Amino acid sequence: MSQTYYVTTPIYYVNDVPHIGHSYTTIAADVLARYFRAAGRDVRFLTGTDEHGIKIVKASAEKGMTPKELSDQVVVGFEYLWKDLNISNDDFIRTSQPRHEKRVQAIITRLLERDEIYLGQYEGWYDEGQEEFITESTAAENEFKSEVNGKPLVRYQEPTYYFRLSKWVDKLIEYIEANPGFIKPQARRNEVLSKLKMGVEDLSISRHKDKLGGWGIEMPNDPTHSVYVWIDALSNYRTALGWPEIGDEHDATDEKYWPADVHLIGKDILWFHTVYWPAILMAMDQPLPKCVFAHGWWTSEGKKMSKSLGNFVSRETIAEICGEYSVDVYRYFLLRAVTFGADGDFSHDALKGRYNTDLANGLGNLLNRTLNMITRYFDGVLPAACENGEHEKVVIDAAADLEAAACGAMEDCDFGLYLDKITALIGATNGYIEVTAPFKLAKDESQRERLGTILYTCADAVRIILNYLSPFMPEMMAAGLKQMNWSLADGQTISDAGKWGQLTPGQQVMQPEPLFPRKS
Ligand code: MSP
């Protein structure tokens with residue numbers, strides 16, 4: 001049985017349309033899923049939509065729709081976008097699905113049975129945009145406005161069920177301290193730890209049903225209350241695997257994937273994922289996810305994205321970018337342009353710059369030069385490498401360095417390191433062509449063998465580069481490998497294919513068709 005790998009994205013709210021931020025997490029998850037599938041792991045990749053909560057109720061009322069109608073409409077936009085961006089998710093969960101709703105009730109029942117939930121009275125501030133309770137001191141610090149969208153906080157006063165969160169704080173601190181890889185990047189881990197050490201109150205986990213117009217999951221012990229949307233939403237990571245068992249056809253179907261290898265999230269939802277979710281799991285004696293990775297936020301053209309500023313990178317804008325460049329280039333850009341974990345800015349100029357530097361001048365040029373020279377000097381038949389010397393060693397070492405680092409980088413969600421190693425190999429190979437000057441050797445018949453060695457070296461480096469870039473740019477890399485007339489053998493993993501010297505001399509390659517024409 002191969003080792004499992006379970007990656008998730010946040011489930012997206014359906015009160016708004018999909019945008020670059022959503023596409024970022026989902027593409028990152030897709031790259032991980034594609035990499036680990038190619039590495040021979042048994043992968044589960046989950047995404048979906050978060051359809052309950054007050055903000056969906058309000059947004060649908062404003063549009064004169066029911067929450068269900070709004071969800072059904074918006075969910076289609078997400079599904080289309082994922083299809084357009086070549087996202088290979090194995091499941092798509094909607095929190096309004098019975099498989100999820102019933103299991104959330106089973107989770108609440110377990111917590112009730114364990115006396116982890118009690119009835120109390122809530123009075124305090126609520127951020128309806130974030131669906132988040134805000135303490136008196138934080139509310140006052142932010143002038144009673146949302147830290148995220150600046151809208152006024154709402155005063156809530158109602159009987160509510162509480163989860164005994166405070167009881168788990170010491171265990172959580174202990175766990176986070178003992179497991180440095182649980183929250184990444186490290187700065188986020190420190191942030192959570194110091195906030196936890198300041199003390200945490202019990203968590204209100206129900207809403208009066210009237211407030212939600214009946215939309216939401218009913219508390220199994222009290223038909224007048226619905227489950228707090230975050231408890232409902234976080235549970236998706238387990239319910240989608242068929243847990244807990246409730247006697248339907250989904251029972252335990254995919255339980256082997258738990259604990260998740262990584263929950264990818266944005267930095268604004270760190271607390272929910274690293275405090276509420278693990279505490280609930282601990283309270284049920286369940287294993288915790290291995291890692292929660294919080295990435296940064298995108299601005300656009302130097303400013304916070306907004307529809308009124310005209311810099312909102314919507315599904316339509318993404319489609320335009322993909323039309324101009326290609327889906328693969330968009331995928332590559334998002335993960336190359338900023339360190340995963342840091343904030344980034346999207347701009348058309350940055351995209352064009354990256355494209356021309358990395359893809360047109362770097363990789364594209366290398367592929368074209370290599371295939372052109374094999375076509376011109378050897379009639380398209382790949383020559384053999386005879387003797388490798390110091391110049392070849394530089395390229396072969398860069399390839400070995402990539403192979404050695406790739407898997408660890410992906411385990412750490414360190415796309416930057418992974419791509420740096422690829423860029424280094426591209427640079428080494430382009431530099432190798434400059435130094436060895438095959439175009440000059442081609443004029444000298446006595447240098448045929450040497451010329452063959454050089455072109456074989458370039459071709460094998462290109463093959464390795466295309467192989468390792470496949471999770472980022474699956475279609476374009478497949479097209480490049482086709483030009484090289486090379487494909488993975490049955491059962492061969494991405495790391496097997498990353499080893500040097502797998503091209504067969506005597507094999508015909510194709511006339512190159514530029515994959516990345518320069519943009520002016
Ligand atoms: N429904 C909750 C998540 C529940 S997970 C159990 C939610 N949904 S959301 O649609 O508002 O946001 C989803 C994700 O998009 C979050 O991770 C958030 O950080 C991310 N982004 C929203 N805007 C973003 C940017 N401008 N840039 C990058 N990511 C951003 O929160």
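1. Two strands count as paired when DSSP finds at least two bridges between them. With that in mind, have a look at strand S6 (residues 154-163) in this predicted model: S6 and S8 pair in the antiparallel sense over 2 bridges. One of the residues to look for here is Tyr162, whose bridge partner in S8 is Ser204.

2. Stepping back to the sheet as a whole, you will find 4 strands in an open arrangement, ordered S5-S4-S6-S8 and paired antiparallel. Strand S5 (132-134) and strand S8 (203-204) are at the edges with a single partner strand each, so one side of each has no neighbour in the sheet.

3. Now for the aromatic side chains, where the count is 30 aromatic pairs. Take Tyr126 and Phe133 as one of them: the ring centres are 4.9 Å apart and the planes meet at 65°, so this pair is edge-to-face, the cut-off being over 60 degrees. Are these two residues buried or exposed? Tyr126 is buried, because its relative accessibility is 1%, and Phe133 is buried too, because its value of 13% is under the 20% limit.

4. A second pair worth a visit is Tyr418 with Tyr468, also edge-to-face, with 6.1 Å from centre to centre and 80° between the planes. Which elements does this pair connect? Tyr418 belongs to helix H15 (residues 415-436) and Tyr468 to helix H17 (residues 448-469), so the pair ties together parts that lie 50 residues apart in sequence. Both Tyr418 and Tyr468 are buried.

5. Please also check two places where a charge sits over a ring. Arg155 is placed over the face of Trp125, 4.7 Å from the ring centre. Lys519 is likewise over the face of Tyr355, and here the distance to the ring centre is 5.9 Å.

6. Thr95 counts as buried because its relative accessibility is 0%. A polar atom of the Thr95 side chain lies 2.8 Å from the backbone nitrogen of Glu51. What else does Thr95 touch? Leaving aside residues up to four places away in sequence, its contacts include Thr49, Asp50 and His52, along with Ile11, His100, Glu101, Ile217, Asp232 and Ala233. Glu51 is among the residues touched as well.

Note on methods
Residues are numbered from 1 along each chain as its sequence is written. This is a predicted model: local features need pLDDT of at least 70, side-chain atom pairs count only at pLDDT 80 or more; totals for chains, interfaces and linings use all residues. Side-chain values use heavy atoms; hydrogens and water are left out. Rings of Phe, Tyr and Trp (its six-membered ring) pair if their centres lie within 6.5 Å; planes under 30 degrees apart count as stacked, over 60 as edge-to-face and the rest as tilted. Buried means under 20% relative accessible area, exposed over 50%, partly exposed in between (1.4 Å probe, protein chains only). A charge sits over a ring if NZ of Lys or CZ of Arg is within 6 Å of the ring centre and within 35 degrees of the ring normal. A polar contact is a pair of N or O atoms within 3.5 Å; within protein, one must be able to donate a hydrogen and the other to accept it, and residues adjacent in sequence count only if both atoms are side-chain atoms. Contact means heavy atoms within 4.5 Å.
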